[in-house]
Each structure stands twice: as structure tokens, then as C-alpha cells.
Amino acid sequence: MSGKYLVTGGAGYVGGVVARHLIEAGDEVVVLDNLSTGFREGVPSGASFVEGDIRDAAKWLDASFDAVLHFAAFSQVGESVAKPEKYWENNVGGTMALLGAMREAGVRRLVFSSTAATYGEPEQVPIVETAPTRPTNPYGASKLAVDHMITGEAAAHGLAAVSLRYFNVAGAYGEHGERHDPESHLIPLVLQVAQGGREAISVFGDDYPTPDGTCVRDYIHVADLAEAHLLALKAARPGEHLICNLGNGNGFSVREVVETVRQVTGHPVPEVVAPRRDGDPAVLVASAATARERLGWSPSRADLAGIVADAWEFAQRHAR
């Protein structure tokens, strides 16, 4: 049975792909985005678009909506350190207003875009949902604060909620791919080198306790991620706040990513070793066992070369 969904931040990368999946499933989608980091052309065709702020969600949210999928957030780690107030005001204050609007309208189902940054530097990998949450920056702290708010909302007001903690989202789906300004994610940065838009890729530290000395990260295809959101809508239970990690369970080092880009694109990618960055854990890999058990989800696009190939195709198309 089709539903009607409000997708906040649906003009962005992940929100746009999830909105596209909902439309393909026959659902009605309203995208709410202030376009501060998203793009108007990122809203999928078939979705209604409202340009506005999540603090004003009460203007558009009513009892005709079955659920909210919430992606609207600032997500640059470095910026969050320099301007923490921006992250508290938008990510936390904005979500508090959104939860109030949902309560008022009687919309009692929520899927929230959380992050692996809530864990900080893990004691052990793969990371499970019961691992200590010790974010190392205001971005991760703001997302963790929202998770705490949602837990309280579910217990007090019967909200059916699922938080999905992503690891490194990558790849592209149709017309939707990564476009951040400034770009901070590894795969698009390496592709910029392959395209000639950047001279070399900086490898921050090559002396980590990993097989090749560079950081290891868990990459998940954006289309796999989107499918988890649709499954989460079905799995949400009144009064429960379910938290699931989403990753492919495998780690790839920075050098493995660079080498994969060389192979996929056929271009040389010069690399320059730079000092380690503060707060960069050696290994971040997810356990997706809870998502498998509770959502019935498992990634089907876990091959790094396939993820890079999709991202490369998008990057070339976008450059043209």
C-alpha cells in the first residue's frame, strides 16, 4: 500500500536518492529543503517541492502524512568544530521543532539519518550499536543529541522511530551523486584528481596500524542505503526507537580506494602523504547485524569497484 511521506533535506545527496526510491515504490513524496546545501535539481521528478526550513515544518505537515524521513542537517566535521553553534541550532533545534510539528499533526513515524560519528573513536571493530557513544566533534555530538531526543519522544509520546547510523556513503543512483561544497569525502576527491581538477590526493597519515598504513573505512552504496530507509519505515514500532548501523561490514584503506579509482578510470592519480588529522581513527567498520535481523536488510552493492564506477559515471556526467 502506498504512503505519503515528508522528506526533509530531500534536495541533498542521500535524501534525494531515498525520495527517488519512494517514488519508484509508488509513494507520494513531499520534499522540504531550504537549499542551503542541497540543489533544486536534486529533487527527484515526481516529488512535490517546498522550499523552506525544518523549523517551520508545522506549516506543511498534517495528518495526511504517514511518516517523516529526516535528512536535513549540516554535516561538515571541520565546520562544526569552527562553528558549533550553527550545528546545535540547525541539527538539534531544527529537529526539536520538527518533532513538535509531528506531534501536533499526529504523524507518529520517523526515520532519522544518523551517523557513525556518534561513536567517535571505537574501542573495537566492527562497531555494534551498544558501543560507547563518544563523538569527537560537534557534528557527531549534534546527531547523538537528536538520537537522545527521539528516544524520549518514543517513550513519552508513542513515536515509532528508527535511526540509521551510516558509515561512508558513496556511489551514485541515476542523476543523484555526491556534490558537496567544499567536498570532503574521499571517493569524489580522488575522482577530481582523475578528472584533472585537483593535482594530487592527500593521504593523511601512512603509519596507522593497518595493512598498508592508511586509514580503513566502511563504504556503503547510496542505493543500498536508500533501500534500508524503506525497510525501516515498515519496521518502525510505536513507542520504540530502534537504532541500526548501516555499512557493508568490510573495510577499504585509503590506498585501496586510490588504486581502485586508478583501475576504474584509467587515469593516474598522484598521491601526497600528509600528516595525520586529529581524531581520525585507524579503522571504522560497521556491524550491520541489527539491520539484518530487524530490517531484513543486507547490502547488495558492496564491491568497491562498482561503487567507484557509479560515482565516476556521475562525476563525468556532472562535469559535462
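Is Phe314 buried or exposed, and what is its relative accessible area? In this predicted model, Phe314 is buried, with a relative accessible area of 8%, a value that falls under the 20% cut-off for a buried residue.

**Phe314 and its surroundings**

- Leaving aside residues up to four places away in sequence, Phe314 touches Ala172, Gly174, Glu175, His176, Gly177, Glu178 and Arg179.
- Ser45 lies 269 residues from Phe314 along the chain, and the C-alpha atoms of these two residues are separated by 18 Å.

**Helix packing around H9**

- Helix H7 (residues 254–265) and helix H9 (residues 304–319) have axes that come within 9 Å and cross at roughly 60°, which makes H7 oblique to H9.
- The crossing in which H7 passes H9 is right-handed.
- On the H7 side, the residues that meet H9 are Glu256, Val257, Thr260, Val261, Val264 and Thr265, and their counterparts in H9 are Leu304, Ala305, Val308, Ala309 and Trp312; by class, this contact comprises eight nonpolar, two polar and one charged residues.
- Helix H5 (residues 186–195) also packs with H9, at an angle of about 55° and with the axes 10 Å apart, and the two helices are therefore oblique to each other.
- For H5 and H9, too, the crossing is right-handed, and the contact is made by Ile187, Leu191, Ala194 and Gln195 of H5 together with Leu304, Ile307, Val308, Ala311, Trp312, Ala315, Gln316 and Ala319 of H9.
- Sorted by class, the residues in the contact of H5 with H9 are ten nonpolar and two polar, with no charged residue.

**The seven-strand sheet**

- Seven strands form an open sheet with parallel pairing, in the order E3-E2-E1-E4-E5-E6-E11; E3 and strand E11 (241–246) are the edge strands, each pairing on one side only.
- From one strand to the next, the twist of this sheet averages 20°.
- Strand E1 (residues 4–8) and E2 run parallel and are joined by five bridges, and Tyr5 has Val29 in E2 as its bridge partner.
- Because five of the six residues of strand E2 (residues 28–33) are buried, E2 is largely enclosed by the rest of the structure.
- E5 pairs with strand E6 (residues 160–166) in the parallel sense over seven bridges, and within E6 it is Ala161 that stands opposite Leu110.
- Helix H4 lies across E5, E6 and E11, and its direction relative to E5 is about 155°.

**The three-strand sheet**

- A further open sheet has three strands in the order E12-E9-E14, with mixed pairing; strand E12 (252–253) and strand E14 (283–284) stand at its edges with a single partner strand each, so one side of each is left without a neighbour in the sheet.
- Strand E9 (residues 216–217) pairs with E12 in the antiparallel sense over two bridges, and the bridge partner of Val216 in E12 is Ser253.

- E8 pairs with strand E13 (residues 271–274) in the parallel sense over four bridges, and Ser202 stands opposite Val272 in E13.

**Backbone features in loops**

- The peptide bond that joins Val125 and Pro126 is cis, with omega about 0°, and Pro126 is found in the loop between strand E5 (109–115) and helix H4 (138–157).
- Leu35 is not a glycine, yet its phi is positive, at about 60°.
- The loop between E2 and strand E3 (48–51) holds Leu35, which is partly exposed, with a relative accessible area of 25%.

Definitions and conventions
Residues numbered from 1 in each chain as written. Predicted model: local features only at pLDDT ≥ 70, side-chain atom pairs only at ≥ 80, totals over all residues. Heavy atoms only, no water. Axes fitted to C-alpha atoms, helices over the stretch in contact; angles between N-to-C directions. Parallel < 35°, antiparallel > 145°, perpendicular 65-115°, else oblique. Left-handed = near helix turned anticlockwise from the far one by under 90°. Contact = heavy atoms within 4.5 Å. Nonpolar A, V, L, I, M, F, W, Y, C, P; charged D, E, K, R; others polar. Pairing = 2+ DSSP bridges. Buried < 20%, exposed > 50% of the residue type's maximum accessible area, 1.4 Å probe, protein only.
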